[in-house]
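Me: I have a structure open here and would like to go through it with you. Could we take it piece by piece?

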Amino acid sequence: MRTLRRRGLLQKWRRKAKSKKRKAKSEKQNTKSKKQKAKSKKQKAKSKKQKARYKGSSKSAQITERLKMKKRFLIFILFVLAGCATPRIDRTYTAVSQDSRAQYLIIHYTAGNFESSLKTLSQGPVSSHYLVNQDPPTIYQLVDETRRAYHAGVSYWKGATQLNASSIGIEIVNLGYRDNFNGVEGRTYFDFPQPQIDAVIALVKKIVAEHLIAPDRILAHSDIAPGRKPDPGPRFPWKQLADAGLIPWPDAAAVAERKAAFELLPPDIVWWQTKLSQHGYFVPRTGEVNPVMSDVIGAFQMRFRPAKFDGLPDAETAAILDVLTSASSSPSAAVPPTVPQTGTTMLPKP
Ligand SMILES: [Zn+2]
């Protein structure tokens with residue numbers, strides 16, 4: 001019995017010891033797991049630190065790269081500037097064969113008051129070198145004479161086209177014309193005050209003297225664009241420019257003599273077309289009356305016989321044209337092309 005009891009006690013003790021061992025093991029394992037957790041936390045913190053460190057290093061690398069780019073850009077700019085530097089030009093020698101780029105002088109009216117004319121010519125797609133106001137007759141320069149102004153548009157004179165490139169434009173403030181009503185047909189044109197004309201003549205003299213513009217190249221807009229443009233109109237006193245020695249003018253006695261002859265024997269269409277071409281206009285020599293010919297005769301009459309400018313051929317107009325073309329010392333007119341060449345500046349005119 002005793003042995004049995006002892007054996008039972010022994011077994012109990014063994015079981016207790018085993019359980020203790022198990023507990024201790026479990027505690028040990030717990031501690032181990034805690035340690036691992038702590039280690040993992042530590043590692044995480046370390047990794048965070050490393051990441052931050054890496055971030056910092058990438059930022060500094062970016063700044064360095066940016067500085068490098070700036071340096072490269074500055075070098076490029078310096079290179080470009082060095083290439084654009086003004087070259088040294090030796091002006092010791094001058095060529096004999098040269099003249100002014102300004103070969104023509106074109107006269108216009110603005111068809112508006114001063115304010116609207118100034119705005120159109122200084123702010124819009126059209127311009128002129130000079131604008132002459134009415135009262136007071138101030139001369140405004142809007143474009144330097146060495147530069148091109150856009151006042152002529154599609155134009156032709158003695159074979160030359162694109163006259164914006166080779167002309168100086170003078171715009172005169174004038175309302176132009178108003179259409180007649182109350183049973184009266186046609187248009188009524190506005191006069192130019194004499195002080196304004198005096199200013200224009202003084203300006204023309206100055207330009208002609210500086211650029212040596214030939215008398216037969218001082219023209220109306222209506223001369224270089226007949227039918228399309230009527231300015232400066234029949235009230236512009238061309239005779240005063242002739243009296244100032246600026247433009248050719250037919251001798252009155254010679255005109256009277258030839259007028260009588262043409263009344264007896266009117267010239268044919270080919271004569272008109274040939275003579276008008278010789279004078280400088282673009283007129284196709286078709287041998288038949290056409291609208292271009294009528295526009296051209298009207299432009300010619302507005303300038304030389306403003307009392308009547310209906311565009312119809314008559315003996316007096318023929319006489320003026322004949323005297324002018326016979327006495328002309330200017331080079332003979334170039335044969336006009338069948339179709340007028342158009343300039344690069346097909347801009348509308350005010
Ligand atoms: Zn004009």
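Me: Where is Q162 found?
Reply: Q162 lies in the loop between β5 (160-161) and β6. Please note that the model is predicted.

Me: What is phi of Q162 near?
Reply: Phi of Q162 is near 50°, which is a positive value in a residue other than glycine.

Me: Why does Q162 count as partly exposed?
Reply: Q162 has 18 C-beta neighbours inside 10 Å, so it counts as partly exposed. A residue is buried at 20 or more such neighbours and exposed at 12 or fewer.

Me: Which other residue has phi near 50°?
Reply: L212, again a residue other than glycine with a positive value. L212 is placed in the loop between α3 (194-211) and β9.

Me: Is L212 buried or exposed?
Reply: L212 is exposed, because 11 other C-beta atoms lie within 10 Å.

Me: How many bridges pair β1 with β6?
Reply: Six bridges, and the two strands pair in the parallel sense; β6 covers residues 167-172. Within this pairing, H108 has E171 of β6 as its bridge partner.

Me: And how many bridges join β1 to β9?
Reply: Three bridges join β1 to β9 (residues 218-220), and these strands run parallel as well. The bridge partner of I107 in β9 is A220, while I106 stands opposite L219 in β9.

Me: Why is β1 described as largely enclosed?
Reply: Six of the six residues of β1 (residues 104-109) are buried, so the strand is largely enclosed by the rest of the structure.

Me: Which residues lie on each side of β1?
Reply: Y104, I106 and H108 are on one side, and L105, I107 and Y109 are on the other. Both faces are covered, as all of these residues are buried. In a regular strand, side chains alternate between the two faces of the sheet.

Me: What about the core? Which residues have the most contacts inside the largest one?
Reply: L105 and V132 have the most contacts inside the largest nonpolar core, which has 57 residues. Helix α8 (residues 291-304) gives the most to this core, with seven residues.

Me: With which residues is L105 in contact, leaving aside neighbours within four places in sequence?
Reply: L105 is in contact with S167, I168, I170, V204, I207, V208, I213, R217 and I218.

Me: Back to α8. How many of its residues are buried?
Reply: In α8, 11 of the 14 residues are buried, and the helix is mostly covered. The buried residues include M293, D295, V296 and F304.

Me: What span does α8 reach?
Reply: α8 reaches 20 Å from its first C-alpha to its last, close to the 20 Å expected at 1.5 Å a residue.

Me: Lastly, the protein as a whole. How many helices and strands are there?
Reply: The secondary structure comes to nine helices and nine strands. Buried residues make up 31% of the 350 residues. Of the contacts with a separation of 6 or more, 67% are between residues 24 or more positions apart.

Note on methods: Residues are numbered from 1 along each chain as its sequence is written. This is a predicted model: local features need pLDDT of at least 70, side-chain atom pairs count only at pLDDT 80 or more; totals for chains, interfaces and linings use all residues. A nonpolar core is a set of buried Ala, Val, Leu, Ile, Met, Phe, Trp, Tyr and Cys residues joined through C-beta atoms within 7 Å. Helices (H or I, at least four residues) and strands (E, at least two) are DSSP runs, numbered from the N terminus. Two residues are in contact if their C-beta atoms, placed from the backbone, lie within 7 Å. The expected span of a helix is 1.5 Å times one less than its number of residues. Two strands pair if DSSP finds at least two bridges between them.
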